[in-house]
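This report describes one protein structure for a reader who has not seen it before. Please look through the sequence and the model first.

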Amino acid sequence: MTEAKPVPADAGAPDLPTTSWAVLGMLSHADELSGYDLKKWADWSLQFFYWSPSFSQIYAELKRLEKHGYATSRTVLQDDGVRGKRMYAITEAGREAAAHWVNDAPVEAPVLKHSVMLRAWLGHLAEPDRLREILTEHIGYAERMRKLAEVDAEGAEENPDWAYPGAVLRWCVRHYEAERDFAKELLADVDKLAEGRRPKRAAKGKGRRAS
């Protein structure tokens, strides 16, 4: 097992990326987790509101956390006695640092980077049918995410230890439901705008009056 390096009591939380705190936070929910377990947890919950890091990113963050003494690891042999997997656990210093980050670190305002909105914002350059296709696909995506979050929120109810993740997952259900409905409203607006862009037929000229 790797040894945790002591961290000065007055050091506070170091300037780690948010993903580090997310991985450390996942470790705080269990006694031990493997990198594979952490990836499953990220896909189960984090992906709905933050991000689902890749395996390489997870392992990079775990190394960073071990370097700071916030996590330890050990190799556990599989049933065949040959293959092993690395299990990670949060240290007391890691739990204190994560709590410090949650309670005392500045809370960054969410940054909305919405490629679908950007396409619609540039709708005057878009082909109407293509813009409609983009919005229709996004409506389907939001509905799929809503259903997945709903399933995971129901699964979280089975374990009292997942009360807070479950509450956030229920928020995610409502978020994707609203995202779907807002996209439908935007699609209706786009349809109206597209109707206004269609070339109007030239009015038939009236015959001259006989003088």
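How many residues apart in helix H6 are Arg146 and Glu143? They are three residues apart, so about one helical turn separates them. Their side chains meet in a salt bridge, with N to O at 2.8 Å. Arg146 is buried, and Glu143 is buried too. Both belong to a network of salt bridges that also links Glu150, Arg180 and Asp181.

The model is predicted. The protein chain has an average pLDDT of 88, and 86% of the residues score at least 70. Over residues 2–10, pLDDT stays under 50. For that stretch the model has 13 contacts beyond four places in sequence.

**Salt bridges**

The structure holds nine salt bridges, including those in the table.

| Pair | N to O distance |
|---|---|
| Arg146 and Glu143 | 2.8 Å |
| Glu61 and Arg64 | 3.0 Å |
| Asp191 and Arg132 | 3.1 Å |

Glu61 and Arg64 are both in helix H3, three residues apart, which is about one turn of the helix. Glu61 counts as buried because its relative accessibility is 8%. Arg64, at 33% relative accessibility, counts as partly exposed.

Asp191 and Arg132 form a salt bridge. This pair links distant parts of the chain, 59 residues apart: Asp191 lies in helix H7 (residues 163–197) and Arg132 in helix H6 (residues 128–156). Asp191 has 31% relative accessibility and therefore counts as partly exposed. Arg132 is also partly exposed, with a relative accessible area of 37%.

**Nonpolar cores**

The largest nonpolar core has 21 residues. Those with the most contacts inside this core are Leu24, Met26, Leu27, Leu38, Leu62, Leu65 and Tyr70. Two or more residues each come from helix H1 (18–27), helix H2 (35–44), helix H3 (55–67), strand E3 (84–90) and helix H4 (92–104). H1 gives the largest share of this core, six residues. Another core, of ten residues, lies apart from it, and Trp44, Ala149, Ala153 and Ala156 are among its members.

Leu65 touches Leu16, Ser20, Val23, Leu24, Tyr70 and Ala71, when residues up to four places away in sequence are not counted.

**Surface**

Leu118, Trp121, Leu122 and Leu125 make a nonpolar surface patch of about 480 Å². Trp121 lies in helix H5 (residues 115–121). Is Trp121 buried or exposed? Trp121 counts as exposed, because its relative accessibility is 66% and the cut-off for exposed is over 50%.

Key
Residues are numbered from 1 along each chain as its sequence is written. This is a predicted model: local features need pLDDT of at least 70, side-chain atom pairs count only at pLDDT 80 or more; totals for chains, interfaces and linings use all residues. Side-chain values use heavy atoms; hydrogens and water are left out. Patches are made of residues with over 30% relative accessible area and no salt bridge: like charges are joined within 9 Å, nonpolar side chains (Val, Leu, Ile, Met, Phe, Trp, Tyr) within 5 Å. Accessible areas come from the Shrake-Rupley method with a 1.4 Å probe; for residues, only the protein chains shown count as cover. A salt bridge is a side-chain nitrogen of Lys or Arg within 4 Å of a carboxyl oxygen of Asp or Glu. Helices (H or I, at least four residues) and strands (E, at least two) are DSSP runs, numbered from the N terminus. Buried means under 20% relative accessible area, exposed over 50%, partly exposed in between (1.4 Å probe, protein chains only). A nonpolar core is a set of buried Ala, Val, Leu, Ile, Met, Phe, Trp, Tyr and Cys residues joined through side-chain atoms within 4.5 Å. Contact means heavy atoms within 4.5 Å. pLDDT is the predictor's confidence in each residue, from 0 to 100.
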